[in-house]
Amino acid sequence: LLAGAHILLGVVLRELGRLEESVEAYGEGLRLNPSVAAAHYNRGQALLSLRRPAEAADGFRAALRADSAFSLAQEALGGALLDLGDADGAAEALSAALRQRPEEARLHHSLGKAHYLRGRRQEAAAAHAAALALDPSFAYAHNDLGNVLSDLPGREAEAHHHYAEAVRLAPQLAEAHSNLGTALKGLGRHAEAAASYSAAIRLKPHLCEAHKNLGAALTELGRPRDAVASFATALDINPQFWPALYDLLDGQQFLCDWRGREARLRELERHLDEWHSRGRLGAGPTERLHAGLAPFHTLVWPVSDKTRRRVALSRARRDVEAAEAAPLVPPL
């Protein structure tokens with residue numbers, strides 16, 4: 001009885017929004033009676049609301065130990081593991097939930113997100129398509145299917161269709177407008193792309209990538225000053241967003257606007273070095289990045305004299321190594 005009273009108190013406190021107290025009450029009830037699967041589940045949901053997904057995942061696992069057929073706990077565990085970046089674990093949990101509830105579009109959609117994070121694009125596309133077969137009005141599934149298709153060669157028109165459907169079904173979804181803009185830009189429809197990015201920004205003014213991509217579309221439309229303003233806004237929102245920094249430097253170079261150029265070049269090179277050291281731009285030291293560039297790139301790319309020298313040296317070393325490794329060809 002005492003365990004039940006604590007668990008009931010946890011329910012009431014959670015309904016009142018007093019989440020920390022709710023977690024404590026559930027915990028006390030479960031200390032007295034750890035076999036109540038629903039209490040483990042509800043405590044896990046409270047922990048998720050408190051942005052403590054690792055503890056929430058432990059709670060959902062405890063619910064499943066108490067009741068292995070508790071499909072809501074499987075689904076919740078999958079969601080928590082997605083938050084934690086454990087895409088394999090999430091896919092396993094969501095697949096288990098789907099075996100019990102195969103007609104639920106939301107589960108197929110979540111499984112699609114897990115597959116996408118695993119790099120399994122075809123499986124992700126199939127899962128999102130299954131969600132849409134069950135619920136054609138599922139805007140988020142349209143948007144995420146567009147994301148998958150945009151990564152698959154030759155599927156750009158399909159990606160555009162699904163982004164457009166997401167925007168039609170959920171006009172308040174800023175990310176869908178931004179993604180539609182990217183699809184339109186890829187199709188060469190730059191004016192429409194700019195309109196889509198602008199719509200995304202109206203809905204979510206701090207959507208950094210939309211500002212950066214708007215700048216790219218404006219560049220294609222021959223509006224370099226407006227483009228530079230968009231790149232600068234993206235950097236104001238996220239100073240660590242180095243692609244916007246690169247585009248800003250590129251735009252300023254086109255306009256012969258040298259204000260702040262040297263400091264920004266140093267910042268760009270710092271970001272490139274940092275990303276490269278993490279393997280985000282390819283394996284090996286930064287020198288390999290430079291070796292992958294032809295020296296003529298440095299005449300048009302916004303790079304410093306230091307980088308120009310490094311590019312030339314790295315390229316020369318690579319050419320010497322290639323020449324030494326090549327078989328000797330006798331003169332004709």
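Start by selecting helices α14 and α15: α14 passes α15 in a left-handed crossing. Helices (H or I, at least four residues) and strands (E, at least two) are DSSP runs, numbered from the N terminus.

Before you click further, a word on what you're looking at. This is a predicted model, where local features need pLDDT of at least 70 and side-chain atom pairs count only at pLDDT 80 or more, while totals for chains, interfaces and linings use all residues. Residues are numbered from 1 along each chain as its sequence is written, and side-chain values use heavy atoms, with hydrogens and water left out.

**Stop 1: α14 and α15**

Two packed helices are described by the angle between their axes and the distance between the axes. For this pair, the axes come within 9 Å and cross at roughly 150 degrees. That makes α14 roughly antiparallel to α15. The cut-offs go like this: angles under 35 degrees count as roughly parallel, over 145 as roughly antiparallel, 65 to 115 as roughly perpendicular, and the rest as oblique. The axes themselves are lines fitted to C-alpha atoms, for helices over the stretch in contact, and the angles run from 0 to 180 degrees between N-to-C directions.

Now show the side chains. On the α14 side, pick P224, V228, F231, A232, A234 and L235; they meet A244, L245, D247, L248, G251, Q252 and F254 in α15. Contact means heavy atoms within 4.5 Å. Sorted by class, the contact has 10 nonpolar, 2 polar and 1 charged residues. Ala, Val, Leu, Ile, Met, Phe, Trp, Tyr, Cys and Pro count as nonpolar, Asp, Glu, Lys and Arg as charged, and the others, Gly among them, as polar.

**Stop 2: S230**

Stay in α14 (residues 224–237) and click S230. Is S230 buried or exposed? At 8% relative accessibility, S230 counts as buried. Buried means under 20% relative accessible area, exposed over 50%, and partly exposed in between (1.4 Å probe, protein chains only). Which residues does S230 contact? Leaving aside its neighbours within four places in sequence, you'll find H211, L214, G215 and L218.

**Stop 3: the two cysteines**

Select C256, in the loop between α15 (242–254) and α16 (261–277). Its phi is near 55 degrees, a positive value in a residue other than glycine. C256 has 53% relative accessibility, so it counts as exposed. Then jump to C208, which counts as buried at 11%.

How many disulfides are there? A disulfide is a pair of cysteine sulfur atoms within 2.5 Å, and by this rule the count comes to 0.

**Stop 4: α2 and α3**

Head for α2 and α3, whose axes come within 9 Å and cross at roughly 155 degrees. That makes α2 roughly antiparallel to α3, and the crossing is left-handed. To see the contact, select L19, S22, V23, Y26, G27 and L30 of α2 together with A39, H40, N42, R43, A46, L47 and S49 of α3. These residues divide into 7 nonpolar, 5 polar and 1 charged.

Zoom in on L30, which sits in α2 (residues 19–32). L30 counts as buried, with 8% relative accessibility. Not counting residues up to four places away in sequence, L30 touches V36, A39, H40 and R43. Try the distance tool too: from L30 to I7 it is 7.6 Å, C-alpha to C-alpha, although they are 23 residues apart in sequence.

**Stop 5: α3 and α5**

Y41, Q45 and L48 of α3 make the contact with L72, A73, A76, A80 and D83 of α5. By class, that's 6 nonpolar, 1 polar and 1 charged residues.

**Stop 6: R51**

Next, pick R51 in the loop between α3 and α4 (53–66). Its phi is near 60 degrees, a positive value in a residue other than glycine. At 76% relative accessibility, R51 counts as exposed.

**Last stop: the whole chain**

Zoom out and select everything. The protein chain has 19 helices and 0 strands. Of its 332 residues, 45% count as buried. Among contacts between residues at least 6 apart in sequence, 42% join residues at least 24 apart.

Key
Left-handed = near helix turned anticlockwise from the far one by under 90°.
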